[in-house]
Amino acid sequence: MSHYCDLAPAHPFHGPYHDHEYGFPVEGDHVLFERLVLEINQAGLSWLTVLKKRAAFRAAFEDFDIDRVAAYGEAERARLLADAGIIRNRLKVDAVIHNAVVIRGLQAEHGSFRAWLEAHHPRPHGDWVKLFKRTFRFTGPEIVGEFLMSTGYLPGAHRDDCPVQARVLAASPAWARPNDASGT
């Protein structure tokens, strides 16, 4: 089975994501929200499809502004479901809006979405899945795993011999901190 590190280099969409984003720690809540939105929308489709539509997602969800998306009503939902630039799946659109509301609550309680993630780190993948299923919509094992790998909370984004892995480690992802027992 090939690894993302084999597929991505020099690819016009996979390459930049693999080399500069995948596995690196994420600071801002809007970027964490974007990653969650993209992972939810990837379900059942290829990651390439999502990467090709990324700019359209960014425009459709107002640069992943959590407050704005959380305030979406029926007019915005209809606009999103009519937007051919994104993935027009009602369950996914509804999950994104619902999850924005949830993230606002997490921000109020913990100061940020990132602080909520930090408060629950480290934990093994299965425990993360249970937590996400209790907290968010449309977050199964693969979505949760990829979201957490892509944002530096779980290992496995890159092979050890991938040149990007050294840069990821230099950026101090959560999974590589001393005493981290998150595992895969």
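Author: Glutamate 27 forms a salt bridge with arginine 114, their closest N and O atoms lying 3.6 Å apart. This pair links distant parts of the chain, 87 residues apart: glutamate 27 belongs to the loop between α2 (14-20) and α3 (29-42), and arginine 114 to helix α9 (residues 113-120). A salt bridge is a side-chain nitrogen of Lys or Arg within 4 Å of a carboxyl oxygen of Asp or Glu. Helices are DSSP runs (H or I, at least four residues), as are strands (E, at least two), and they are numbered from the N terminus.

The model is a predicted one, in which local features need pLDDT of at least 70 and side-chain atom pairs count only at pLDDT 80 or more, while totals for chains, interfaces and linings use all residues. Residues are numbered from 1 along each chain as its sequence is written, and side-chain values use heavy atoms, with hydrogens and water left out.

Glutamate 27 counts as exposed, at 56% relative accessibility, whereas arginine 114 is partly exposed, with a relative accessible area of 23%. Here buried means under 20% relative accessible area, exposed over 50%, and partly exposed in between (1.4 Å probe, protein chains only).

Side chains of opposite charge can pair when their charged atoms come close. The structure holds 14 salt bridges. One of them joins arginine 159 to aspartate 161, with an N to O distance of 2.7 Å. Arginine 159 is partly exposed at 28% relative accessibility, and aspartate 161 is exposed, its relative accessible area being 58%. Elsewhere, a network of salt bridges links Glu21, Glu34, Arg35, Arg54, Arg58 and Asp63.

Arginine 77 meets aspartate 94, the closest N and O atoms being 2.4 Å apart.

Two packed helices are described by the angle between their axes and the distance between the axes. For α7 and α8 the angle is about 135° and the axes are 10 Å apart. Axes are lines fitted to C-alpha atoms, for helices over the stretch in contact, and angles run from 0 to 180 degrees between N-to-C directions. The two helices, α7 and α8, are therefore oblique to each other; angles under 35 degrees count as roughly parallel, over 145 as roughly antiparallel, 65 to 115 as roughly perpendicular and the rest as oblique.

Which residues of α7 and α8 meet? Arg77, Leu80 and Leu81 in α7 meet Arg90, Val93, Asp94 and Ile97 in α8, where contact means heavy atoms within 4.5 Å. The residues of this contact divide into four nonpolar, no polar and three charged. In this count Ala, Val, Leu, Ile, Met, Phe, Trp, Tyr, Cys and Pro are nonpolar, Asp, Glu, Lys and Arg are charged, and the others, Gly among them, are polar.
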